[in-house]
Every structure is written in C-alpha cells, then in structure tokens.
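Please examine the sequence and the structure shown below. The briefing that follows is grouped by topic.

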Protein chains: 2
Amino acid sequence: MQFRLINQDSHSKARLACLRVGQKVVETPVFMPVGTQATVKALSSEELGKIGVGIVLCNTYHLYLRPGQSVIKKLGGLHHFMNWDGLILTDSGGYQIFSLSSLQKTTDEGVIFRSHIDGSRHFLAPEKVLEIQRILGSDIFMVLDECLSYPVSYRQARGALERTLRWAKRTRATWGESEDKGLFGIVQGSAFRDLRKRASEELVSYQFDGYALGGLSVGEPLSLRREIIEYTTEYLPVEKPRYLMGVGTPGELLEDISLGIDMFDCALPTRIARNGTVFTGEGKKNLRNSQYKDDANPLDLDCDCYVCRNYSRAYLRHLIQAREILGMRLATYHNVYFLTRLMEKAREAIKRNSFERFKSEFMEKFEEENKKLDLKKEG
Amino acid sequence: MQFRLINQDSHSKARLACLRVGQKVVETPVFMPVGTQATVKALSSEELGKIGVGIVLCNTYHLYLRPGQSVIKKLGGLHHFMNWDGLILTDSGGYQIFSLSSLQKTTDEGVIFRSHIDGSRHFLAPEKVLEIQRILGSDIFMVLDECLSYPVSYRQARGALERTLRWAKRTRATWGESEDKGLFGIVQGSAFRDLRKRASEELVSYQFDGYALGGLSVGEPLSLRREIIEYTTEYLPVEKPRYLMGVGTPGELLEDISLGIDMFDCALPTRIARNGTVFTGEGKKNLRNSQYKDDANPLDLDCDCYVCRNYSRAYLRHLIQAREILGMRLATYHNVYFLTRLMEKAREAIKRNSFERFKSEFMEKFEEENKKLDLKKEG
C-alpha cells in the first residue's frame, strides 16, 4: 500500500493525497460508503462505479457470520462475489462484536461472543480476524480492537486500550513485511488525552500503513470529538493516512478534513436515505414533509446526478411514503453521489489552498437551511 | 389505438400482433409487469427500458388514493412522474376495491369503500374511474367492473355481471369516438358459460378497443380456467386484443397464448423474486435453498441478462438471506427479463408457425425440473 501526499492546505491541516493498493488508486480525503453485507444497501456495484466511488467498507463481523469467509473465498473473493472492482477496506469486527452481538467474554486471547443472527457461539482472536480479512481478499485490513461506548471511566478505558495495544502488536507481528495490502492500527483511549497519546505512539512504533481513530461517534459531544481528533492527529505521522471511523454528515466531514483526516466511513448517509432524508447544498431535506407533495423540482437544484436529472421530489416523496424500494434506491444513490462530489470539491479546494473558504461557504448555505428546518419543527 | 394482426399460428390459436397507441408500439403476445404505485417494485424505469419492456400496468385504485391523480397531473402525468416513456395500461381499480379496501356498498351508481391506507371513505362511479385514468394520462383504460372471488353462486355472478355490463355501457358512452387512447371492456361471469357468452356479446356490441378476461386467477382450478378462456375467446372478435388479467407463470402464459390471449399482467413474477424465487429455463429456483450456498453459476445458465452476466447464485442467495434490497432488485430484474425474453421467443415461434413445438419444448424442460423440486420437498 502506498500513500503519497500531494498538497497540504496552507490555512488548515487539510491534505490532499493519493492512496494506492496494487493497481487501484483513490484520492483522499475520501468517504467510503458502508457495504456491511457485501452490498452498499440498495445500490449495485455498477451504480457505485458510475457515481465515482473508489473504495467501500465491508464488515468482517457480518461476512464472517454470513455467508462465511469460506463461501466468499470459493466464489473468488469479496471483489468478485459482489462484482466490485474498486478498493475494499474491511473493518475488524470489533465495533460490531461489542455493540451487536451478545458478548460473552473478552480475554487477552480474544473475544467470545454469540451471533446476533442465530445465537451461535464464536471465538475471535486478533490473528483470526486478520486471517478472515485475508480470506475475504480485502485491500485494507483493520486490527481487532476493544470498543467502548461513551462515557467510560479512566480505568475501563485504560484496560481496554492496553488489551487493544497487545492485540495490535500481535496482529502486526503476523503481517508480512512485504505485503502489498494495507494494515491499519486503531487508536482507542476514549476521551483521555494521555491514553490517546499513548495509543498513538505505541501503534506508530509498530509501523502500520495507516491509523484509524476509533471509539468516536459513539455518543460523545461534537466539541469533545473535535478536540480528541485535534490532539490525537498530532501524535500520528504526517506521511500515513488517518481514518476517522463512523463519521459522518457533510458538515462533520468538512470539519474533520480541516483537522487532517483523510478517510471516513459512515452508515448514516445511506440509512437516512432509506428513511427519506436527502442531502442538498441547502441542507438536509426530509421527503416525508408534505411540502414536497407536488414539488416538481429535483432533490437538489444544483445536483446533476441521475436521480436529480430524471425524478422530482414529489415522485421520491410518493415512493418513500408508499414504502417502495425504488424510493430507497434513488434517495441512497443521491446521498452517496452528494458525498462523493463533496469530497471531490474538497480535494479541489485543498489543491488550490482554499479549503477553509470552500468549507465556510458550503457550511453557511447548508447549516442555515438546516437551522430553518429545525426552527420549523420546534414551531 | 390500433391493433393489427401479423400472423395466426397454424397449429394453435396463438397470434402475433402489433398494438399501437400514438407513436408507441408493442408486439403481442406481451407480458406487462405490474407497477402498482407508479413503480414496478424494486426496478427503475430505465431498467425496464433496458430489459425491453414496452408496456407496464399501473393501479388506478392505488394512485387515486396516493398520491392522488391531481398530484400526478401537476407533475406532468404518470409517464413523466415515473420517467417512463413506454405504454401504460391502467386497471379500473375494481379488483382492488373488492379485495383490498373494506367495501361499504355497491349500487348501480358506483362503489362506496374505505381506503386500505387510512380508512377514509370514497365513492367511485364508472365515469369517475375513466376520468381518473384520463387525468393520470394512461394509454389504455379499463372500465370499472365488479369482481367476485371463486366460487360464487349463479345468482351472485349474474347480479355482478349485469351491473358490470351497465357500468361498461355508461363508460363507453362517455368515451369519445375519436379518442386516440384505448378503452377495454372486462368480461366477467365467473365459471358460467352462458354468463361469459352474454358478457362477451354485450361488450362486443358496445365496440371496445380490446377485451379483458376478468374474474380469473382468483382461486379456480387451472383446468377450469383454461376451459373458460377457451369458450370465452370464441365470442370475442378476432381483430381486437384479448387481455387475461392476473396471469401468470411462464407455463400459464404459454398455455394461454395458445388459446388466443394477447396480453397478460401479473404481480407474481416480481413478488416471488423479492422472496428469492427466480425463473430459469429449467424451472423455478428458490434461492433460499442451501444447495445454492456456494454455487458460482448464474441464476440461469442460458440467460444473458445483466444479473446473470455479473452475479452468482451464491451472491443472490446471500443477499436474499440477509434481506438486502439489492437481492430483491437483482432477482426482480432477472424474472422480468426472463418473461420478456419468453414472450419474444413466443412471438418468433408464432411468426414461424411453430408455437406449439416451442411451447412443448419449453414446458418439458421447465416442468420437469419443477417436478423434481416438488418431489425433493415431499421427500
């Protein structure tokens, strides 16, 4: 895996870079749509390609449980299975084990848990998690980590972090020096600066291909999250990618890019789409709102996506109200397109050293409309 | 509306014809996918176009209740609303009123019923039903009919039929002579030959653009249905299209084509797709079956559709098991493609006067595999 910095914005920590695994390249900052079960919900791989998505995230936990990595291997690996020729980052499953499954026991050896699907009992060690990702045929691998919710005590956070670091060391030891794929460590430590520092420094000493910020977007206040991102990135090497897990919304993406984040994933943009909420340059719009009942406009007046070129807000609203699959498809397509274009524009702005201006202009229009919406709701 | 016979098969009653409304043409026999709520469930209009679908059916009852014909009119009509430039046939809503809504009262004037969505009270007269279809901007209109389930008494069937015929007469009277769209009458009469005869003859005397066979596919035995189709079509003019409502499966389509049916609609092919059942030349396959768990083959070895060219049975099975929208999309795409190609092949066979041979060859392969499946289930 290669990561090459192209430009560092002169007025923020935003950076433009090029991430390459084998013959596949994406430019960062990049948003990775979430394809939990080997499909970005409601979209086909062909549509992702048309939108210009270059990398998706798949969930190791889900695919391990169903259909199982051996099935996917037999079908030629995850790329072939889902007919996707872009990059795939697989998470470690840590977050899902600690949030979805009924957890049985965590030891230094690994985690014993019960499947959320059928209650079956499983044991996953960090080495096994790496092996599963290898069998899936991922491009970028994540190490197993112990995820905590927010808030937790210092003692809890330190305990989980120490185990996560031991797991990271073991995982790194089984990773070959000449591997052409990428392996990322995950910085934990909750909201404790010294733990985040310790985690960063220790992981960096193991020399991973990239560093993820984990344990965020789990309920902490936004201002605290930004603070954590700000000080944690200081301990991370400039020349390696930084991946903020579980973020986010258009505004958060831009804020965190200006703090030096390169990669993002989040299920929210596709989840809210299925419920009828779409992004536009003028803020989020909830299509269930009756004001769109006979609105002939496209979802976003400034968008040139396939949905905005062919369908009206009224039609989308009708489909969402009638719980039609096509409504979820079209809204998801638009939201993923919106974020993909937003990242593209962000990269162009970084290239021109005008990222902060781009961000403020976008936020002003986007947030103002959202505030109006919130006021309406309250009123 | 024009209907021009191209060829009459020499060994069966199957016929090849050309149906034209304005500039839009489809060849018959034709299968019309059902787009109840202005969308063929799980598919986009663009996909229907790519598959080669030339005509879809939309439900007047559903669109009248939601979003309402005035919304659709404001959005430029049903074609523009759903971005569909093929033909649209709208049903009369009769079947839905009598099966979905909580029916309040049927009089000679019309029907009073409560919406299945919100319980609101509505009155629809046959003239109003025509008006709604006009506002929707349909290409082919159906007259309001009183639908009965099976079995019913002779007395019930006769009563409903007489009302249906009075409604048909009134509807026909409000239809302009020079209209460029099509208006179809619906032959009712349950399983009573004299009622079917009377219905056919009376409707034919009113001179509709086409004749539908209604009140079938409502629980009657298959052999009885074929018998009814056989004698009813004898009373219908050769030069007008015959539309069998609510049918069907690949085998039924071919059987009924050989009895002289030109048009079909049915929600089953798309509904079973969403549940994981797909058509293949070797019979239906239920993807939930564990035998497909790691099956790298396409759904149908002889199919060249987008799904069969790009995805495996194993991937489709995984998506269906995981209740992923993409699974429903891909299975639906394949089934609609399968039926569209089947109708194409049927038309080619009629052209070559070899429809019966084509039918037997298809059925032998298709039914044999289905029988094997059934035996397995029992065993």
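**Briefing: strands, core and chain contact**

Strand β12 (residues 210-213) of chain A is covered on both faces, with G210(A) and A212(A) buried on one side and Y211(A) and L213(A) buried on the other. Here a residue is buried if 20 or more other C-beta atoms lie within 10 Å of its own, exposed if 12 or fewer, and partly exposed in between, with C-beta atoms placed from the backbone. Helices (H or I, at least four residues) and strands (E, at least two) are DSSP runs, numbered from the N terminus.

The model is predicted: local features need pLDDT of at least 70, side-chain atom pairs count only at pLDDT 80 or more, and totals for chains, interfaces and linings use all residues. Residues are numbered from 1 along each chain as its sequence is written, and chains are lettered from A and ligands numbered from 1 in the order in which they are written.

**Confidence**

- Chain A has a mean pLDDT of 96, and 98% of its residues reach 70 or more; pLDDT is the predictor's confidence in each residue, from 0 to 100.
- The model scores are ipTM 0.97 and pTM 0.97.

**Strand pairing and core**

- β12(A) pairs in the parallel sense with strand β11 (residues 182-187) of chain A, over four bridges; strands pair if DSSP finds at least two bridges between them.
- Within this pairing, G210(A) of β12(A) is the bridge partner of F184(A).
- F184(A), together with V56(A) and V56(B), touches the most other members of the largest nonpolar core, which has 231 residues.
- A nonpolar core is a set of buried Ala, Val, Leu, Ile, Met, Phe, Trp, Tyr and Cys residues joined through C-beta atoms within 7 Å.
- Leaving aside residues up to four places away in sequence, the contacts of V56(A) include M32(A), P33(A), W84(A) and I88(A); two residues are in contact if their C-beta atoms, placed from the backbone, lie within 7 Å.

**Helix α13 of chain A**

- Eight of the nine residues of helix α13 (residues 313-321) of chain A are buried, among them R313(A), Y315(A) and H318(A).
- The cover over these buried residues includes α14 (325-351) of chain A, as well as α3 (69-74) and α4 (78-81) of chain B.

**Contact between the chains**

- Chain B gives 31 residues to the contact and chain A gives 30 residues.
- On the side of chain B that touches chain A, α3, α13 (313-321) and α14 (325-351) of chain B each supply at least two residues.
- The largest share of that side, five residues, comes from α13(B).
- Because 97% of the interface residues of chain B are also interface residues in chain A, the copies meet through the same surface.

**Symmetry**

- Chain B superposes on chain A by a rotation of 180 degrees with 0.0 Å of shift along its axis (RMSD 0.0 Å).
- The two copies are therefore related as by a two-fold rotation axis.
- I325(B) has the C-alpha nearest the axis in chain B, 3.6 Å from it.
- Copies are superposed by least squares on the C-alpha atoms of residues with pLDDT of at least 70 in both.

**Backbone features of chain B**

- Most residues other than glycine have a negative phi, and most peptide bonds are trans.
- R66(B) and P67(B) are joined by a cis peptide bond, with omega about 5 degrees.
- V247(B) and G248(B) are also joined by a cis peptide bond, with omega about 5 degrees.
- S217(B) has a positive phi near 60 degrees, and this residue is partly exposed because 19 other C-beta atoms lie within 10 Å.
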